[in-house]
Amino acid sequence: MAVYKIFPSKDTTLYSLYPDKNTGLDSILEIYNNTHYTNPLYISSAEVARSLIAFDTDEIVDVIDNLISGSQWQSNLRLFNANTTGITTNTILFIHPLAEDWANGTGKSDYVPDVEDGASWKWKNYNGGTAWTTSSFGSYRTASFLPSNPGGGVWYTGSSTGLQYTVTQSFGIRSPKDINLNIKDIISSWYSASISNYGIILKWSSSIEYNQSASVEPDMNLFSIDTHTIYPPQLEFRWNDYSFNTGSSGLSFISSSQIVATLPNNKNAFNQESIEKFRLDVRPQYPPRTFQTSSFYITNYYLPTASYYAVKDLDTNEFIIDFDTTYTKISADDQGNYFKIYMNGLEPERYYKILIKTLINGETLILDDNYYFKVING
């Protein structure tokens, strides 16, 4: 099973309140509808913020061609909540592929004077450069803005082939505020070049944006690629490379729920660019008494086919890769069980913990026996 992550090549937030301002180096991406006016030029309406994110096309093609290689796969956009307020029942976030290119820029929201060398509400590249299209969009493309303040991006709403270019996630008062959305149709279209990869836009629904009611003020703050935390945006690929081919192995399946499992080739420190194949040695904790000429403790066993791995950040105790019955299933060959971890999706200079989940005789076991490792730079 395989989980592989790539990170944005650029991201920024567009603010209707500041039509020329770039925030491409902010550590936070923001999506809001705000009725607290601070700019007298636009006091007739609420203010809107939308976020843009792009991933490198070459990286996407490389993953699909050279790693996935025809296997069943999915691709999820994942962003992590820094602070979110104003969410009420059924608050819907929309994600669309962008229809026009844009520049990241080097601005921050707190820079004085404003930096205007990248994408903003009005401009795609820099103040006075190329404005976002505001009419004659072409098929399946649109924008949304007030006539007095045009801009805010241009995006696809659909395709002639029926692919899903409008992806949504609904939030409630107590629901998690992280974003985790399957955008495989968008990724597939970038891969096939049926549309150009200009990234995606994140925005609230049309019933929320520009709504002047003080009760409609969702403000979502997400970590950007410039965060100093372990939560940058990511495009997560998952594919099924599961194989359970024991060949002529004489190993048996473990039948006891009291087991000892070790990772004999865990070197404890791995380069961020490495792909590591972890092997499992499995034996009963209390072997039955029997006469034999070799040590029982060097005899390996197979875990049942319903066995999975997960990875946690050791400091935060959060799942970086959670158990998944399709995409983190543990494989086997004639030597025993194994699984692969792509270290590129883990933040360097941090410690992680591997967990093993298996089902034996109707009992679900979580093996958590200090399977630690560190990802290092270079």
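Predicted model: local features only at pLDDT ≥ 70, side-chain atom pairs only at ≥ 80, totals over all residues.
The chain contains 2 helices and 25 strands. Its C-alpha trace spans about 90 × 40 × 40 Å along the principal axes. Of the 378 residues, 50% are buried. Among contacts with a separation of 6 or more, 73% are between residues 24 or more positions apart.

Packed helices in general are described by the angle between their axes and the distance between the axes. The axes of α1 and α2 come within 10 Å and cross at roughly 95°; the two helices are therefore roughly perpendicular to each other. On the α1 side the contact involves I60, V61, I64 and D65, which meet I187, W190 and Y191 of α2. Classified by residue type, this contact has 6 nonpolar residues, no polar residues and 1 charged residue.

In helix α2 (residues 184–192), the buried residues are I186, I187, S189 and W190. These residues lie on the same side of α2, because they cover an arc of only 160° around the axis. An α-helix has 3.6 residues a turn, so residues three or four places apart point the same way. The elements that cover the buried residues of α2 include α1 (57–68), β5 (73–79), β7 (91–97), β10 (167–171), β12 (200–204) and β14 (234–239). Just after α2, A193 adopts a positive phi of about 65°.

β10 runs antiparallel to β7, to which it is joined by 5 bridges. T168 in β10 is the bridge partner of F94.

Strand β3 (residues 28–34) is largely enclosed by the rest of the structure, since 5 of its 7 residues are buried. β3 pairs in the antiparallel sense with strand β13 (residues 219–223) over 5 bridges, and L29 stands opposite L222 in β13. β3 also pairs with strand β4 (residues 47–54), again in the antiparallel sense, over 3 bridges. Here the bridge partner of N33 is V48 in β4.

Another open sheet of 4 strands has the order β16-β18-β23-β22 and antiparallel pairing. Its edge strands are β16 (259–262) and β22 (331–333), each of which pairs on one side only. Neighbouring strands in this sheet are turned by 35° against each other on average, direction ignored. Strand β16 is joined by 4 bridges to β18 (residues 275–284), and the two run antiparallel. I259 has P284 in β18 as its bridge partner. In general, strands of a sheet pair through backbone hydrogen bonds, either parallel or antiparallel.

Two individual residues complete the description. K124 is located in the loop between β7 and β8 (141–142). With a relative accessible area of 15%, K124 is buried, the cut-off being under 20%. Apart from neighbours within four places in sequence, K124 is in contact with E100, D101, W102, A103, A119, T130, A131 and W132. Y301 lies in strand β19 (residues 301–302) and counts as buried at 15% relative accessibility. Y301 and L251 are 50 residues apart in sequence, and their C-alpha atoms are 5.6 Å apart in space.

Terms used:
Residues numbered from 1 in each chain as written. Heavy atoms only, no water. Pairing = 2+ DSSP bridges. Axes fitted to C-alpha atoms, helices over the stretch in contact; angles between N-to-C directions. Buried < 20%, exposed > 50% of the residue type's maximum accessible area, 1.4 Å probe, protein only. Arc of directions from axis to C-beta. Contact = heavy atoms within 4.5 Å. Parallel < 35°, antiparallel > 145°, perpendicular 65-115°, else oblique. Nonpolar A, V, L, I, M, F, W, Y, C, P; charged D, E, K, R; others polar.
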